[in-house]
Amino acid sequence: MTRKHDNKPKRPRSRPAKVGKATGASGAFTPASSAARRGGHPRRGGLRTARQAASGVPAPEAQSVSSPRCSGHPRRGGLQAARQPEDARRASATAGCALCPVFGRCGGCSQLNVPYAEQLAAKQQAVAALFEGIAPADALLPILGMEEPFHYRNKVVSPYAPARGARHAVAAKDAPKARGKAKGKGAKLSRADILTGMYEAGTHRLIPTDTCAIENEVAKRVTLAIRDVMARWGMEPYNEDTGTGFVRHAVVRVGHESGEVLVTVVTNGDEFPSAKAFCRELKRRVPEITAIVQNVNTRQTNVILGDKERVLYGPGFILDTLCGLSFRISSQSFYQVNATQTEVLYDEAIRLANLTGAETVIDAYCGTGTIGLVAAKRGAARVIGVDSVASAIRDAASNARHNGVENASFVAQDATAFMEELAASGERPQPACHPERSAQPESACHPEQSTQREVEGTPGDHSQPLVLLMDPPRAGSTPEFLRAACALAPERIVYISCNPHTQARDVRHLVEGGYEVRAIRPVDMFPHTDHVESIVMLEKRND
């Protein structure tokens, strides 16, 4: 049974799983036996909270945190599950699952039929295999999983499409001028005429779902309420084949701590007849809603959001708290999907960075500055964030000002170019910061300005401790970035990755460049899927 969440739920706690036998005091990981994996019982976890793991508190006695096993599905494990043949996949869908009626068809989660402790064990083993020969065995720490691995997606994107043989509220030739037609004016749709849910794995076929084991329950209620209002008022769903219809998507964000709800309705046209009435009705059905925005996307594309927006109800954004910092979240803002595990990820990264108050931190690939701002509040003397996306840098600077962070600055520049310039200068950035401009993204406004305007240093001075935080995209970093990092020689490098395959490749480069892996911490950001994130902490060798 999953716990039913209200709009401001208790935060699920995270804890590392005991996924194998520890050898000695080092806690080296030993893969579990295949016989145990074949057994019909969930693996006993021996789980600890993240705080206990950080402080070295021994694991308590094993306890089960498994999800109910679903019938008729073969086990899938590791980072890359073997793709089932079409007939096996359809047979799996037919067999059904107690947690999801469309499991095996929906592309949302592939591991829902596997007890959660076994999922964690498989992910731990996969990460261990990737770093074999790169890191010492005792560097691998237990994976940090979720205590309640359900309904964790605080961002839900739901497309709308006409069902096969669906009725039409208006003739196709009149659709462009009658999009969003109000109730009572040609409305002839029923709920069955409108599909909303997830796409079938590997296809563009929409699988209608009224429940979801991993989506936030309030967000799911919103997407279904929009479908019902569309049917009642004759608002046609978008038909990607003909380019007609009005409502394309709903993007719903729910504040992890605040419980505020932002609804973005993506429409195939500027005009939104009866927009105020639509908002009133949607708010009546889901009172938790605090903001509604219309996003206009008239292009025939798979890109969800367009460039034009207008606020229909509320402030047009929500506020949420992450790691003690407040963030303003709009429809276009980047914000982690699983905020509960994001806090776990960031807490662990900052712990591994071992900040003492003297370090300058370079936050490479910083995005909107979330982890850099956490570092600025938790022991960094100075933080310098760099990212190539100017809008993200503007958001990072805004977030810094909003939180009163004065020891962080942000640079709009390619991370590789930034590191190469810094390494070539022979300088290390100094911890002294300029409060009057610390949160101002000057290079975002003036890209032609040198990096040195943001980063002052003393030639040849390596006396000031330096820590590199890096969180590159799935493709990983570049050889040039890694060479520059080794030349700059920070005392510690903390590498966060959503793709341990490319992370292991890059870490090998860093090891060859004079670093040693001290810790590897897998983090399960997306339970019931094949994905896992990991943090690697490296220290400069004293050769």
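Trainee: What makes R328 count as lying over the face of F317?

Mentor: In this predicted model, R328 is at 3.9 Å from the ring centre of F317. The cut-off for a charge over a ring is within 6 Å of the ring centre, so R328 meets this distance limit.

Trainee: Which ring does the charged end of R248 sit over?

Mentor: The charged end of R248 sits over the ring of Y238, 4.1 Å from its centre. That value is also within the 6 Å limit.

Trainee: How many aromatic pairs are there, and why is the pair of F272 and F278 called tilted?

Mentor: The count comes to four aromatic pairs. In one of them, the centres of F272 and F278 are 5.2 Å apart, with 50° between the planes.

Trainee: Why are F272 and F278 called buried?

Mentor: Buried means under 20% relative accessible area. F272 has 6% and F278 has 1%, so both count as buried. F272 and F278 also form one aromatic cluster with F246.

Trainee: What makes helix 9 largely enclosed by the rest of the structure?

Mentor: Helix 9 covers residues 370-377, and seven of its eight residues are buried, so the helix is largely enclosed. Among the buried residues are T370, I371 and G372.

Trainee: Which residue just after helix 9 takes a positive phi?

Mentor: That residue is G379, with a phi of about 120°.

Definitions and conventions. Residues numbered from 1 in each chain as written. Predicted model: local features only at pLDDT ≥ 70, side-chain atom pairs only at ≥ 80, totals over all residues. Heavy atoms only, no water. Phe/Tyr/Trp six-rings, centres within 6.5 Å; stacked < 30°, edge-to-face > 60°. Buried < 20%, exposed > 50% of the residue type's maximum accessible area, 1.4 Å probe, protein only. Lys NZ or Arg CZ within 6 Å of the ring centre and 35° of its normal. Helix = DSSP H or I, 4+ residues; strand = E, 2+ residues; numbered from the N terminus.
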